[in-house]
Amino acid sequence: RTDVLTIGESMVLFQTIGEKGIKYEPLFTKSLAGAESNVAITLTRLGKKVRWVSKLGKDPFGDYILSTLGGEGVDVSYALRDVEKPTAVYFKESKSYGDPTVYYYRKNSAASNLQPEDVQKEWFDGVKHLHVTGITPALSENAAEAIRKAMKMAKDMGLTISFDPNLRRKLWSEEKARSVLLSLIPLCDVFLPGVEEAEFLLGQQSIEEYGESFLQMGPKVVVLKLGAEGSIGFINGDSVKAAPHVVSQVIDTVGAGDAFAAGFLSVYLDNEAALTHVSLEIALTRANILGALATQFKGDWEGNPSLEEINSIIAGRVE
Ligand code: KDG
């Protein structure tokens, strides 16, 4: 049995070791990034069985992504290889202040060549839940259609679906981003926007109005990430606000939303048949902790906790 299938581009990430900026930094670390694979790894650490699918180049970067994800316990057996297009890479420039700057080299990548015909019924075999983000739909028309097809197939097969819009302004125009992201919301059961993404999609509204408006589009659960303010979950007729997990210093916010999503889904998946006020609160609390902890190290996912570690953090708070 597989708890979650996720589909989306993973890249090789090069990060500057120091903070002088890409122009002056001679040394980089190599690691793995990609919103969907960040969720896959973190959910695996939290005890779920996860299958990740994407299209990689037939190159050493693709080999590296497969062995890293496989080594973390993620099922990569359905990953596709494209003999003509390369695996994407991206660079993250850390600064001593503010969020890091990212530079993508992913135009015409193997994953941007993902086609609707690539999406196979077998990917869904024994799977309970599909997780997708708004990043892969931003790569190309065909990748967007592949994700839409996967969501429709999942719905038809009775899987539940989560969708994190993960707005990446560098990848597409505002107009296109808004229309495609809005069109995918009715296909999901769990919608996980940040408050700035909610504003981008709907214009300025109150937090409660965002919750209501998104619920009316079809999802059964809407989870709004409020950054340092924690998060708030909406289900039909009820809402729960969970306090933030406070950290004294933020090192790198990239990957925090994915850790949050994995934390939320890890509880949601155990309770989705009857999500109550209490289970929603537990899910949000775990998500807030995971999201906050992911800001404490430079990579996207490496420092994220296991289920045992997260349980001892939660137990420590209660004592
Ligand atoms: O959420 C983290 C991602 O942003 C990062 O891993 C890279 O997938 C990525 C993207 O497209 O920005």
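Leaving out neighbours within four places in sequence, M151 is in contact with L130, V132, I161, L184 and L187, contact being scored when two C-beta atoms, placed from the backbone, lie within 7 Å. The model is a predicted one, in which local features need pLDDT of at least 70 and side-chain atom pairs count only at pLDDT 80 or more, while totals for chains, interfaces and linings use all residues. Numbering starts from 1 along each chain as its sequence is written.

M151 also turns up in the largest nonpolar core, a set of 88 residues in which A150, M151, F264 and L290 touch the most other members. A core here is a set of buried Ala, Val, Leu, Ile, Met, Phe, Trp, Tyr and Cys residues joined through C-beta atoms within 7 Å. Buried means 20 or more other C-beta atoms within 10 Å of the residue's own, exposed means 12 or fewer, and partly exposed is in between, again with C-beta atoms placed from the backbone. Helix 7 gives the most to this core, with 10 residues. Helices (H or I, at least four residues) and strands (E, at least two) are DSSP runs, numbered from the N terminus.

V132 has F163 as its bridge partner in strand 10. Axes are lines fitted to C-alpha atoms, for helices over the stretch in contact, and angles run from 0 to 180 degrees between N-to-C directions.

Another open sheet has 4 strands, ordered 3-2-7-8, and its pairing is mixed. Its edges are strand 3 (28-33) and strand 8 (101-105), each with a single partner strand, so one side of each is left without a neighbour. On average, neighbouring strands of this sheet are turned by 25 degrees against each other, direction ignored. Strand 2 (residues 11-16) and strand 7 (residues 89-93) run parallel, with 4 bridges between them, and V12 stands opposite V89 in strand 7. Helix 2 (residues 60-71) packs on this sheet and touches strand 2, strand 3 and strand 7, its direction making about 95 degrees with that of strand 2.

As for the ligand, the residues around it are A33, G34, A35, N38, I135, N166, R168, V254, G255, G257, D258 and D300, a residue being near if its C-beta atom, placed from the backbone, lies within 6 Å. Helix 1 (35-45) and helix 7 (256-271) each supply at least two residues of this shell. By class, the shell has 4 nonpolar, 5 polar and 3 charged residues. Ala, Val, Leu, Ile, Met, Phe, Trp, Tyr, Cys and Pro count as nonpolar, Asp, Glu, Lys and Arg as charged, and the others, Gly among them, as polar.

Key: Two strands pair if DSSP finds at least two bridges between them.
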